[in-house]
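Hello,

Here is the structure I promised to pass on to you. Please have a look at it first, and then read my notes below.

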Amino acid sequence: MPKPPPGPDLFSRLDPAPEPPVRERAPSLAALNEAFVGKPPPPGFAERAVPGEGPIGAAIAFVGEQPGDQEDLQGRPFVGPAGQLFDRALAEAGIDRSGVYVTNAVKHFKFVARGKRRIHEKPTAGDVTHYRWWLEQEIDFVSPRVVVALGATALLALGGKALPLLRSRGPMRFANRQGYVTVHPSYLLRLPPGEDQRAAHSAFVADLAQARDLAA
């Protein structure tokens with residue numbers, strides 16, 4: 001059974017954050033991205049903004065956490081190790097990545113430098129709030145039948161407040177849209193190889209297949 005909606009406004013309850021660089025409604029998704037790409041990011045983030053990717057009118061929109069190191073270097077979402085796992089899981093679930101929309105709740109890579117390495121740093125609720133206007137407009141322009149939250153940060157962005165990820169897993173309404181909650185593919189990468197990882201991967205593929213069926 002679908003879980004009850006978190007509330008009437010999926011973005012109204014997040015913590016205050018610095019004002020975003022653009023407040024007005026964009027006339028198109030391309031204009032929305034153009035208005036933001038190249039703007040200075042908040043402190044602690046990489047310079048490059050990484051917009052979403054996929055067709056307007058896609059049946060499913062997947063929302064992750066933030067770009068990683070490879071996403072920042074290539075300027076595309078979900079192209080690093082977690083993205084490669086995500087692509088394999090999509091294929092196993094019978095979903096063509098080119099037909100879905102993929103984006104992140106936070107649009108720049110947040111990291112700490114350790115020598116030559118850039119180590120991922122988890123976004124705060126304030127970081128999520130800073131980007132919520134962009135995500136909201138993205139989803140409106142794409143107008144998917146199902147929005148999938150990949151991980152806790154995406155669930156925070158779409159649900160408007162912190163919710164327990166594993167207890168929320170499954171169908172959920174996000175304001176006026178059908179949603180679905182599952183883990184982020186990076187979670188699977190952190191599991192040690194073995195039976196637990198294989199079981200978690202199978203469960204993730206099953207979640208993607210259920211989201212596919214909801215969008216059918």
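Let me begin in a loop: Ala 175 sits between β6 and β7, where helices (H or I, at least four residues) and strands (E, at least two) are DSSP runs numbered from the N terminus. Although Ala 175 is not a glycine, its phi is positive, about 55 degrees.

A word on where this comes from: it is a predicted model, in which local features need pLDDT of at least 70 and side-chain atom pairs count only at pLDDT 80 or more, while totals for chains, interfaces and linings use all residues. Residues are numbered from 1 along each chain as its sequence is written, and side-chain values use heavy atoms, with hydrogens and water left out.

Now the overall picture. The protein has eight helices and seven strands. Of its 216 residues, 52% count as buried, meaning under 20% relative accessible area, with exposed being over 50% and partly exposed in between (1.4 Å probe, protein chains only). Taking contacts (heavy atoms within 4.5 Å) between residues at least 6 apart in sequence, 76% join residues at least 24 apart.

Five strands form an open sheet in the order β2-β1-β5-β7-β6, with mixed pairing; two strands pair if DSSP finds at least two bridges between them. Its edge strands, β2 (101–104) and β6 (170–174), each pair on one side only. From one strand to the next, the twist averages 30 degrees. Gly 170, for instance, has Val 181 in β7 as its bridge partner.

Two helices to look at against this sheet are α5 and α8. Helix α5 (residues 152–159) lies across β1 (60–64), β5 (146–150), β6 and β7, and runs at about 135 degrees to β5. Helix α8 (residues 195–215) packs on the sheet and touches β1, β5, β6 and β7, its direction making about 175 degrees with that of β7. For these angles, axes are lines fitted to C-alpha atoms, for helices over the stretch in contact, and angles run from 0 to 180 degrees between N-to-C directions.

Within α8 you will find His 201. Is this residue buried or exposed? His 201 is buried, at a relative accessible area of 19%. Leaving out residues up to four places away in sequence, His 201 touches Leu 85, Ala 89, Glu 92 and Leu 188.

Helix α4 deserves a look as well. With 18 residues (125–142), α4 reaches 24 Å from its first C-alpha to its last, close to the 26 Å expected at 1.5 Å a residue; that expected span is 1.5 Å times one less than the number of residues. Centred on Tyr 131, α4 has a kink of about 50 degrees. Most of α4 is covered, with 13 of its 18 residues buried. Ser 143 follows α4 and has a positive phi, near 55 degrees.

Finally, β3 (residues 111–114) and β4 (residues 117–120) pair in the antiparallel sense over four bridges. Ala 113 has Arg 118 in β4 as its bridge partner. This hairpin has two residues between the strands, and Gly 115 takes a positive phi near 65 degrees.

Key:
The bend at a residue is the angle between axes fitted to the seven residues ending there and the seven starting there.
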